[in-house]
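Colleague: Please pick one part of this model and walk me through it closely, side chains included. Then tell me how it compares with the rest of the chain.

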Amino acid sequence: MQKCLSDIYKTKMPPQKAIPGQPTDSIVTRCRSAFRRLPGTFGGCWAWLAAVLLILSQGKVFTTDALLLRGPYLQGMSPHGLVIRWRTDQPCDGQVTVTMPDGQERIFWGEIPTTEHMVHVTGLAPDTRYEYALETRSNPLVQEGDSHFFRTAPVLGSTQPVRIWVLGDSGTGTPGQFAVRDAFDRFTAEQYTHLILHVGDIAYNFGTDLEFQLRFFNVYEERLTETVFWPCIGNHDTGFSTSPPATLPYFQMFSLPTQAESGGLASGTENYYSFDYGNIHFISLDSMASDRSPKGPMAQWLTRDLAATSQDWIIAYFHHAPYSRGPHDSDWEVPMAEMRRYVVPILEAGGVDLVLSGHTHGYERSALLDSHYERSSTFKPSMNIMSGDGQIGGDGSYQKRARGPIPHRGSIYVVAGSAGTVRLSKKPYPAMHTLILTLGSLVLDVVGTRLDARFLDLTGNIADQFTLLKADLALSGPHSTPSGEAAFRLKGEPGRRYRIESSNDLKQWQFEREITLQTGSAWIQMLLQDKSSMQFFRARKVPGTPPVPKLPGAIP
Ligand SMILES: [Fe+2]
């Protein structure tokens, strides 16, 4: 490994004594790797016990080598850099060696000898894969043979595919948590996951450092080395405190943007923040420990942040679901009701597309909803901008007639709080289209102006899915999508039923489906039967279906 001094970004060498002992693999790392597939508490305890026994059997003493206890894990991703963090058992220097695409290596140092290492890696190219390794001055902290890498964020507004894994209420340490993780591992296979979002309750029961170790870092260890993690605070993560100190483990272990380091508008706090990734604007809110009132600092910042973005997509997430009727009822729990009454109107006025939350241990999701701010009894079907299941091949995808944010064109609300446990619900919340009581996690795929969401249960089955398609004025005619579907806009009479037919020679026409237009036009998606040749589509009026009055709340 050749290290060039000119490539050392931070030349300030940390004052420290040399660490005695020969370079060696991390014993604790080896043990954690062996036992990480076991459920939380058991796996963690056995790993530590095995580590102690191994150390004793080899006659090693902790003070002779710096051992990797946590990480590496990735934070604060931007198109040009990120923060890499890890923990060692004793204070030492830490460096990250990043291999550039041309094979050159650059070394980035941490500031001081510490056990909590935090290295800022800068000067990188957007949307580029980099390999990296951790070391102290004399001790490689990553096992030899391990291949660690990350991919930098794409430039602002770019439209390449983005995969997002959404976890909620995961930190139970139960076999169910591991099954959900393994189901996603099998589902995504070799496809890179660009972001992990967490909607809170990362570590039960009180968000202690040990609970985070056993029920978060040990469980997702491998994926955290390559995918940046973006959390929000749950009630268990603060130990139920509504005014946690800065020494809270959550704040200590995560490096979250307070000064718009990854895009968005500076919030000045790690409690809530925003960032950009490609053509998506993300907003992480604090429903637990911050003032939720409309005149509070969080709401004021949120209003300004939304006004400042013109991204194609806006995804907001926080812990306390605004619409839920599980063990936690949004009609009666104060944080849930206040997020609905005070924060949701701001989100909808800012054109937010998708709102993710947890707290309730199940999966619930709405259609394209707007302006439902009071208790469940006030919900009216007309509050759905679009109803239906949002599924291509079913009722059709949800659609928005603008690429960027426009107020009150509908948001989809998803409660994804069953990545660690599931509890029985009373009955479906009226505004929610789907309720599923099973362990699972949410997978989001965004490609340009299309967003696909899949709820993946613990067996790997897709238990629910929906698509949100945004009208791109440049694509107002027929076009094909990356997933092999055709999309086109059908214009006609509101309430009229139309028969969709396809042909590959404009002579023989084949029936595809029928659709009733709720408004004067709709986007239609069709699976391409033969992707190798051109297909044509036409729509014909179905006789005997006079137009019906326009539905209230429909897109004008
Ligand atoms: Fe919770």
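Modeller: Let's start with R499, which counts as partly exposed at 31% relative accessibility. On that scale, buried means under 20% relative accessible area, exposed means over 50%, and partly exposed is in between, using a 1.4 Å probe and protein chains only. Before going on: this is a predicted model, so local features need pLDDT of at least 70, side-chain atom pairs count only at pLDDT 80 or more, and totals for chains, interfaces and linings use all residues. Residues are numbered from 1 along each chain as its sequence is written, and side-chain values use heavy atoms, leaving out hydrogens and water.

R499 forms a salt bridge with E501, the closest N and O atoms being 2.7 Å apart. The criterion is a side-chain nitrogen of Lys or Arg within 4 Å of a carboxyl oxygen of Asp or Glu. Side chains of opposite charge can pair when their charged atoms come close.

The part I'd zoom in on is strand 26, residues 497-503, where five of the seven residues are buried. Strands are DSSP runs of E with at least two residues, helices are runs of H or I with at least four, and both are numbered from the N terminus. Strand 26 has partners to follow. With strand 27 (residues 510-516) there are six bridges, and the two run antiparallel. Pairing here takes at least two DSSP bridges between the strands. Strand 29 (residues 536-541) also pairs with strand 26, again in the antiparallel sense and over six bridges.

Now put the charged residues back into that picture. R499 stands opposite E514 in strand 27, while E501 stands opposite R538 in strand 29. As background, side chains in a regular strand alternate between the two faces of the sheet. Strands 26 and 27 also form a hairpin with six residues between them. In that turn, L506 has a positive phi of about 65 degrees.

So much for the close-up; here is the setting. The whole structure has 19 salt bridges. One of them joins D445 and R163, with 2.9 Å between the closest N and O atoms. D445 is in strand 21 (residues 440-447) and R163 in strand 8 (residues 162-167), so this pair ties together parts that are 282 residues apart in sequence. D445 is buried, with a relative accessible area of 11%, and R163 counts as buried at 5%. Another salt bridge links D452 and R450 at 2.7 Å between the closest N and O atoms, and D452 and R450 are buried too. Elsewhere, R70, R87, E116 and D209 are linked in a network of salt bridges.

D464 sits in strand 23 (residues 462-470) and counts as buried at 5% relative accessibility. Its side chain makes a polar contact of 2.6 Å with the side chain of Y363, and another of 2.8 Å with the side chain of R365. A polar contact is a pair of N or O atoms within 3.5 Å; within protein, one must be able to donate a hydrogen and the other to accept it, and residues adjacent in sequence count only if both atoms are side-chain atoms. Leaving aside neighbours within four places in sequence, D464 is in contact (heavy atoms within 4.5 Å) with residues including Q391, T434, I436 and F455.

For the chain overall, there are eight helices and 29 strands. Of the 556 residues, 58% count as buried. Among contacts between residues at least 6 apart in sequence, 72% join residues at least 24 apart. The accessible surface comes to about 22,100 Å², of which 56% belongs to carbon and sulfur atoms; areas are from the Shrake-Rupley method with a 1.4 Å probe, and for residues only the protein chains shown count as cover.
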